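User: Could you walk me through this model before I go over it myself? I'd like to start from the overall fold and then get into a few residues.

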Amino acid sequence: MPNVKKLNLRSNTCRNQGAEALGEFLKTNTTLTSLNLNSNRLGPSGIRVVSRALSTEGSTPAGAAGLLASLRRALEARSPTDLPGHRA
C-alpha cells in the first residue's frame, strides 16, 4: 500500500491476527498520518504489535506520536511492563 495517508479500520472487529498484519504494514509505511482503530477488538498482544511497529525507526513519522501515546495508555492499563522501551 504505497503512499497511504489515511487508514480507517474502525469497527472491523480487528483482533490480534489483524494487528500483526497491520504491524507489518506500519513498519515500512512513511506516509500515514491518520489511523483509526476505534471499536476493534485488539487485545494486549495486538496493541503491543502495533505499538512496536510504530516504534520502529523509519515507520510512519507524521501520525505515529499521537497513536503510539494512545496505544501506550491502553496497554499500560493492562500491563506496563509490556510497553516498548519499558525499563524495569
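Analyst: The overall fold comes first, and single residues and contacts follow.

Analyst: Please keep in mind that this is a predicted model, in which local features need pLDDT of at least 70 and side-chain atom pairs count only at pLDDT 80 or more, while totals for chains, interfaces and linings use all residues. Residues are numbered from 1 along each chain as its sequence is written, and side-chain values use heavy atoms, with hydrogens and water left out.

User: Fine. What does the secondary structure come to, and in which pattern?

Analyst: The protein has three helices and two strands, and along the sequence they follow the pattern β-α-β-α-α. Both kinds of element are DSSP runs numbered from the N terminus, helices being H or I with at least four residues and strands E with at least two.

User: How much of the protein counts as buried?

Analyst: Of its 88 residues, 35% count as buried, where buried means under 20% relative accessible area, exposed means over 50%, and partly exposed is in between, with a 1.4 Å probe and protein chains only. The accessible surface comes to about 5400 Å², and carbon and sulfur atoms hold 48% of that surface; the areas come from the Shrake-Rupley method with a 1.4 Å probe, and for residues only the protein chains shown count as cover.

User: And the contacts, what share join residues at least 24 apart?

Analyst: That share is 74%, taken among contacts between residues at least 6 apart in sequence, a contact being heavy atoms within 4.5 Å.

User: Which residues of the largest nonpolar core touch the most other members?

Analyst: In that core of 15 residues, they are L7, L22, F25, L26, L32, L35 and V50, and α1 and α2 each supply at least two residues of the core. A nonpolar core is here a set of buried Ala, Val, Leu, Ile, Met, Phe, Trp, Tyr and Cys residues joined through side-chain atoms within 4.5 Å.

User: Let's look at α2, then. What is its span, and which of its residues are buried?

Analyst: Helix α2 covers residues 44–55, twelve in number, and reaches 16 Å from its first C-alpha to its last, close to the 16 Å expected at 1.5 Å a residue; the expected span is 1.5 Å times one less than the number of residues. Its buried residues are G46, I47, R48, V50, S51, A53 and L54.

User: What does G46 touch?

Analyst: Leaving aside residues up to four places away in sequence, G46 touches N16 and A19. G46 counts as buried, at 0% relative accessibility, and its C-alpha is 6.8 Å from that of R15, which is 31 residues apart from G46 in sequence.

User: Switching topic, how many salt bridges does a search of the whole structure find?

Analyst: The search finds one, between E24 and K27, whose closest N and O atoms are 3.1 Å apart; the criterion is a side-chain nitrogen of Lys or Arg within 4 Å of a carboxyl oxygen of Asp or Glu. Both residues lie in helix α1 (residues 16–28), three residues apart, about one turn of the helix.

User: Last one: where does N29 lie, and what does its side chain reach?

Analyst: N29 lies in the loop between α1 and β2 (34–36), and its side chain reaches the backbone nitrogen of T31 at 2.9 Å. At 5% relative accessibility, N29 counts as buried.

Key. A polar contact is a pair of N or O atoms within 3.5 Å; within protein, one must be able to donate a hydrogen and the other to accept it, and residues adjacent in sequence count only if both atoms are side-chain atoms.
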